[in-house]
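Here are my notes on the helices, as promised. Have a look at the model first, then read on.

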Amino acid sequence: MKTQFVALALTAAFTLPGAAAWAAEAGKATLTPPSMVMTQNHLKQYYEIPNFRLGGKYNLDADPETWRNGGEGGVTLESLGAPPLKVGYIAVGTPKRNEKGEIINAIIINTFYSGDSTWMYDTWFEGQPLNAFSGGATVGPGRTFDTNNHYVVFLDAVGLWGESKPSAGLGRKFPQYNYYDMVEANYRLLRDHLKVGQVQVATGCSMGATQTWVWGIMHSPSGFVKAIMPIGGATASDGDDPVGQWTFRLAQAAIESDPVWRETGGNYYHLPVEKHPKRGLEFMWSVLQLTGYTFPVRAATPWSTLQREVFYWEPKGNETASYIARTKNEDPVDFWYRNNAGFNHNANQELKRIKARTLVVHVTNDQWLMVENARKAANAVPGAAFATLSDPQAHYGVFRAPNVLKDTMTAFVEDSFTTSLPGVGGGSGAAQQAPVAKPSGLAK
């Protein structure tokens, strides 16, 4: 269980006390801050990619060089009067270079649905406030992602936090991006800016794992990505995964149920920020959070605690308090785009392209992303291994997986993996642990 100190640190992290200072420093007002954890914002760096097309189609049979500027038929931000695409990252560890000066020992960590590089750093990197949530640090000297031996890059995803997102100015004119855009933009960051010549392991949790699958599809045939380790992700969230599709559609319907959204069609930026349709976003988080934990854990939690996460149109006292606080720093249109990217995704037919060493890690009692879908995806990749864990946090167990299955995942990262390791083949990997409180506001 986390200590009271950690709980207070989490509350501070999710209320983003530095956002106002950042806006003043930038000399302009901002609807959303650049980082989920503003206390780590100083670590985040950016790379600008001019003329990158968002929302296009990727011909996966073509030369990968044809993807450098995004998919065919996509739209550049410059053509809409906005600055060029910017992607954010935090890099740590020890780079090793080849004779060309390229980094050849990179590990990339993709972020989850509502997160960014600062949150993953604050949770997984050695000595940070949120380490307790994941059961201890997983990135650092001697850890699963060993910074003595690897150059580790935490990656943002296009469309949320950072610089390039709908709430940064374009609103509903922002191009509808997809997971292929997220990956290719970060490929440009790695190759052109950081001079990475070899990704030894691509990984990530939840939507970060979904991106990890796409890294395998797009960039393992060339040998750029040597291994992938998706932790609790999906290869499809359209009709091939009815639960995933239902979840994203419910989230979208919740946003669109807000009276201000319905009146404005989501074009509300002319209104004062206090008039923005935040109720719909609060409703979305409440809908998602119902199944964030197992139902027995929910049933054992006092109503006075749960009430902070239950949606009320006319809240009183602590009703909906968690999400009222959270959405002060979030924008409904940003999440509307993120949901759209989710429920239109299906890479199942492309899994055969993956040439990387593959270890698929999944939580058996995940109530958002079904374990059997992950097992089918693993079976579609020649030579892929499959490992599971069970966790009372259900889907949130993905963040603790590198500690619960430490020996298994460390061996995979270091290329000493064997099928006799804990959890491999679908076993539990570890006994169920006692529930651990989640950070305030964390959902998906």
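1. Let's start with α6 (residues 242-256), where the buried residues are Gly 244, Gln 245, Thr 247, Phe 248, Ala 251, Gln 252, Ala 254 and Ile 255. Buried here means under 20% relative accessible area, with exposed being over 50% and partly exposed in between (1.4 Å probe, protein chains only). Helices are DSSP runs of H or I, at least four residues, numbered from the N terminus.

2. A word on the source: this is a predicted model, in which local features need pLDDT of at least 70 and side-chain atom pairs count only at pLDDT 80 or more, while totals for chains, interfaces and linings use all residues. Residues are numbered from 1 along each chain as its sequence is written, and side-chain values use heavy atoms, leaving out hydrogens and water.

3. What covers the buried residues of α6? The cover includes α4 (179-193), α7 (259-264), α8 (278-289) and α12 (332-343).

4. Now for α4 itself: 12 of its 15 residues are buried, so the rest of the structure largely encloses this helix. Among the buried ones are Val 183, Glu 184 and Tyr 187.

5. Just after α4, Lys 195 has a positive phi of about 60 degrees.

6. His 219 sits in helix α5 (residues 207-219) and is buried, at a relative accessible area of 2%. Leaving aside neighbours within four places in sequence, His 219 is in contact (heavy atoms within 4.5 Å) with Trp 67, Val 183, Glu 184, Tyr 187, Phe 224 and Val 225.

Key
Helix = DSSP H or I, 4+ residues; strand = E, 2+ residues; numbered from the N terminus.
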